[in-house]
Amino acid sequence: MTMHPSERIVILTGAGISKESGLDTFRCAGGLWSQVRIEDVATPEAFARDPGRVQSFYDARRRGLLEQAVRPNAAHEALAELERRLPGEVLVVTQNIDDLHDRAGQGNLVHMHGELLKARCTRCEAVVPRRDDLAPDPRCPACGAQGLRPHVVWFGEMPLEMERIYAALAGCELFVSIGTSGNVYPAAGFVREARAAGARTVELNLEPSEGASLFDEAVYGPATRTVPDFVARLIAGR
Ligand code: BJW
């Protein structure tokens, strides 16, 4: 594993950071989990039982992500600017499967719950770029098998790059959680890891998250306001 000893700022993002770009959150009023049942679309068992149903859910979200109106907002842009100002010092860990951090220019980025614009072969494990629908059952470009699934992490599956994330948390001085409700583990436990490492912990969210009491500082409001403000303070304070 590559070590990144100077990553002193770890930033965890969730669906709330992309809300003002036009993408649904999961647990807000009218969010995705009020439209569909988790056990129908976001577990390996659901995919085994009814792959077409699961593919359609992700196909619709992929089409939504690729709509022209959906683009990075001021919060994504501010985090990319922070990375440019502090090269090598910032790691963004996103739970989001959208590509808005990527499009904003975030280079040091972990997609711990996968990426909507990639597919994974259930036979050969190849991960391939994918912008088109996955239904009905296309062939894997690597091995030719019909078994492509969305490259996302469902409940009961292991999130990606956990070793890298825990190493960064163990060495960080500042942990910032943005736009996540703190309902889903292991991401919801990162604030505890950061605190154990002696880091200052900050929450930027629309409302207090499940783990709100674990943060040293909190600012509540829309991410397009709170994140650029926080980044400006951070840069000014150096
Ligand atoms: C704004 C805003 C604005 C709105 N500005 N803010 C007990 C202990 C530990 C683990 C478990 C446990 N019981 C069960 C588990 C396991 C399970 C789990 O956590 N279940 C919980 C329901 C309890 N976790 C797993 O299965 C994970 N795997 C795992 O644990 O493997 C073993 C392991 C353990 C330890 C170490 C390593 C491995 C896998 C979880 C996979 C999650 N997958 C999903 C769907 C797939 C991707 C997709 O379809 O997009 O990922 S679920 C869904 O929730 C999605 C999200 O990434 C994730 C988090 O949601 P997020 O981002 O927090 O969104 P919301 O909607 O909840 O919150 C939005 C927030 O934004 C709100 O607070 C708003 O206020 C705010 N907001 N507008 C700022 N404008």
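Student: Which side chain has a polar atom 2.9 Å from an oxygen atom of the ligand?

Tutor: A polar contact is a pair of N or O atoms within 3.5 Å; within protein, one must be able to donate a hydrogen and the other to accept it, and residues adjacent in sequence count only if both atoms are side-chain atoms. Here a polar side-chain atom of Asn205 is 2.9 Å from a ligand oxygen atom. The backbone takes part too: an N or O backbone atom of Ala15 lies 2.8 Å from an oxygen atom of the ligand, and one of Phe26 lies 2.7 Å from a ligand oxygen atom. Taken alone, the ligand exposes 1500 Å², of which the protein buries 78%. Such accessible areas come from the Shrake-Rupley method with a 1.4 Å probe, and for residues only the protein chains shown count as cover.

Student: Where do these values come from?

Tutor: This is a predicted model, in which local features need pLDDT of at least 70 and side-chain atom pairs count only at pLDDT 80 or more, while totals for chains, interfaces and linings use all residues. Residues are numbered from 1 along each chain as its sequence is written, and side-chain values use heavy atoms, with hydrogens and water left out.

Student: How many residues are around the ligand, and which come nearest?

Tutor: A residue is near a molecule or strand if one of its heavy atoms lies within 4 Å of it. There are 36 residues around the ligand, and Arg27, Glu157, Thr180, Ser181 and Tyr185 come nearest. The shell divides into 18 nonpolar, twelve polar and six charged residues. In this division Ala, Val, Leu, Ile, Met, Phe, Trp, Tyr, Cys and Pro count as nonpolar, Asp, Glu, Lys and Arg as charged, and the others, Gly among them, as polar.

Student: Which helices each supply at least two residues of that shell?

Tutor: Helices (H or I, at least four residues) and strands (E, at least two) are DSSP runs, numbered from the N terminus. Helix H1 (16-19) and helix H5 (51-65) each supply at least two residues of the shell.

Student: How many salt bridges does the count come to?

Tutor: Side chains of opposite charge can pair when their charged atoms come close. A salt bridge is a side-chain nitrogen of Lys or Arg within 4 Å of a carboxyl oxygen of Asp or Glu. By this rule the count comes to 17 salt bridges. One of them joins Glu217 and Arg200, with the closest N and O atoms 2.8 Å apart. This pair links distant parts of the chain, since Glu217 is in strand E9 (residues 217-220) and Arg200 is in strand E8 (residues 200-205), 17 residues apart.

Student: With which other residue does Glu217 form a salt bridge?

Tutor: Glu217 also forms a salt bridge with Arg233, where the closest N and O atoms are 3.2 Å apart. Arg233 lies in helix H10 (residues 223-236) and Glu217 in strand E9, so the pair ties together parts that are 16 residues apart in sequence. Elsewhere, salt bridges that share partners join Glu7, Glu161 and Arg164 into one network.

Student: Which residues touch the most other members of the largest nonpolar core?

Tutor: A nonpolar core is a set of buried Ala, Val, Leu, Ile, Met, Phe, Trp, Tyr and Cys residues joined through side-chain atoms within 4.5 Å. The largest has 21 residues, of which Ile11, Val176, Ile178 and Val227 touch the most other members. Among the elements that give two or more residues to this core are strand E1 (9-13), helix H6 (74-85) and strand E2 (90-94). H10 gives the most, with five residues.

Student: Where is His111, and what does its side chain contact?

Tutor: His111 is in strand E3 (residues 109-111). His111 counts as buried because its relative accessibility is 7%. A polar contact of 2.9 Å joins the side chains of His111 and Asp102, and the backbone oxygen of Asn96 lies 3.0 Å from a polar side-chain atom of His111.

Notes:
Buried means under 20% relative accessible area, exposed over 50%, partly exposed in between (1.4 Å probe, protein chains only).
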